[in-house]
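Thank you for letting me take a few minutes of the meeting.

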Amino acid sequence: MSQIPNRLAALENSALKVARSLVNRSTLHVVTGGLSACWNYETDTLFLPNWDMSNPDADLSDAELDELRDAFRGVMAHEMSHAKNTCPDVVREFHARWKGEGYPVGRLHALWHIFEDPYVETIWPTEFPGSAKYIEACTRYSIRTSGGAAPCWPAYAPKGGRPIGVFGAFLQTCLRLRGGHVQRHEVSPEVMVLVDAVQPILDAFDPMAGTRHNGELTTKVWEALTNLLPEDDQPEEGEPEEGESKEGESGEGGESGEGGEPGEDGEPGEDGEPGED
């Protein structure tokens with residue numbers, strides 16, 4: 001980690017100690033590097049981004065370094081809250097239920113985050129009030145660097161990747177509308193039709209109710225969406241499911257958008273492992 005500004009290097013070096021202390025679990029692991037952020041509940045590992053922190057060629061101003069520092073603390077708070085408050089047994093239970101129903105588990109897991117992410121970001125500051133400003137800083141950073149309302153359109157392709165499609169844009173829109181970071185007129189009309197169709201279910205969300213509540217709402221949203229998604233946006237046979245995502249496709253760029261949005265393409269997981277983005 002040579003040439004990293006000292007104050008940012010200190011954040012990376014202290015991440016493991018901080019995470020184990022605040023989550024209150026000595027077995028928790030932390031890996032810092034790359035652009036992705038998630039908590040792998042099978043290995044109990046937090047994957048945290050470093051963005052430009054470890055880029056020796058990055059020419060960052062003091063203000064930009066401060067922004068990255070606060071955003072890093074925010075995404076770390078988000079993932080620590082997943083590690084402490086998202087229940088793995090409930091996640092596995094819903095995966096089994098969805099698989100039994102023949103639903104695309106990967107898509108439902110990504111969809112789950114439109115509820116689970118606001119939940120973990122609401123409950124964490126109740127225990128650690130000082131974290132709220134860092135979660136908000138991470139939100140501002142990822143919204144700005146991903147183009148504001150751009151991911152609310154199906155043609156959006158993160159960092160030259162594949163277009164996210166209607167489903168991916170729906171995920172981004174739900175989170176960004178809830179946080180007040182986009183307005184209806186900025187969203188693809190095709191996507192707003194879907195949002196409006198499931199709005200009563202979205203309105204039933206209780207940000208303190210927990211993982212099981214969020215899983216039940218996820219199931220209802222998917223069942224409502226099934227016949228509304230365009231035929232060319234349906235999951236293809238062999239599409240990676242949760243725990244089988246393509247290498248490197250977890251939360252896009254640490255896209256915590258609301259602290260930790262699902263990957264821009266709706267694919268969860270960290271290097272093919274189960275993950276809570």
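Let me begin with a question: which kind of contact do the side chains of Arg92 and Asp89 meet in? They meet in a salt bridge, with 3.0 Å from N to O, where a salt bridge is a side-chain nitrogen of Lys or Arg within 4 Å of a carboxyl oxygen of Asp or Glu.

Residues are numbered from 1 along each chain as its sequence is written, and side-chain values use heavy atoms, with hydrogens and water left out.

The term pLDDT is the predictor's confidence in each residue, from 0 to 100. For this protein the mean pLDDT is 82, and 76% of the residues reach 70 or more. Over residues 237-273, however, pLDDT stays under 50, although the model has 136 contacts there beyond four places in sequence, a contact being heavy atoms within 4.5 Å. Where pLDDT is low, the predicted coordinates should not be read in detail.

Now back to the first pair. Arg92 and Asp89 are three residues apart in helix 3, residues 88-101, and so they are separated by about one helical turn; helices (H or I, at least four residues) and strands (E, at least two) are DSSP runs, numbered from the N terminus. Arg92 is partly exposed at 33% relative accessible area, whereas Asp89 is exposed at 56%. Here buried means under 20% relative accessible area, exposed over 50%, and partly exposed in between, with a 1.4 Å probe and protein chains only.

The side chains of Arg212 and Glu93 meet in one of them, at 2.7 Å from N to O. Because Arg212 lies in helix 8, residues 211-225, and Glu93 in helix 3, this pair ties together parts that are 119 residues apart in sequence. Arg97 forms a salt bridge with Glu216, the closest N and O atoms being 3.4 Å apart, and this pair links distant parts of the chain, with Arg97 in helix 3 and Glu216 in helix 8. Together, Glu93, Arg97, Arg212 and Glu216 are linked in a network of salt bridges.

A search of the whole structure finds seven aromatic pairs, meaning rings of Phe, Tyr and Trp (its six-membered ring) whose centres lie within 6.5 Å, with planes under 30 degrees apart counted as stacked, over 60 as edge-to-face and the rest as tilted. The rings of Phe94 and Trp112 have their centres 5.4 Å apart and their planes at 65 degrees, so this pair is edge-to-face. Phe94 lies in helix 3 and Trp112 in helix 4, residues 105-127, and both residues are buried. Trp98 and Trp112 form another edge-to-face pair, at 5.3 Å centre to centre and 75 degrees between the planes. Trp98 is buried as well, and Phe94, Trp98 and Trp112 form one aromatic cluster.

Finally, how many disulfides does the structure hold? It holds zero, a disulfide being a pair of cysteine sulfur atoms within 2.5 Å. The sulfur of Cys152 has its closest cysteine sulfur in Cys174, 9.3 Å away, which is too far for a bond. Cys152 is buried, with a relative accessible area of 0%, and Cys174 counts as buried at 8%.

Key. Predicted model: local features only at pLDDT ≥ 70, side-chain atom pairs only at ≥ 80, totals over all residues.
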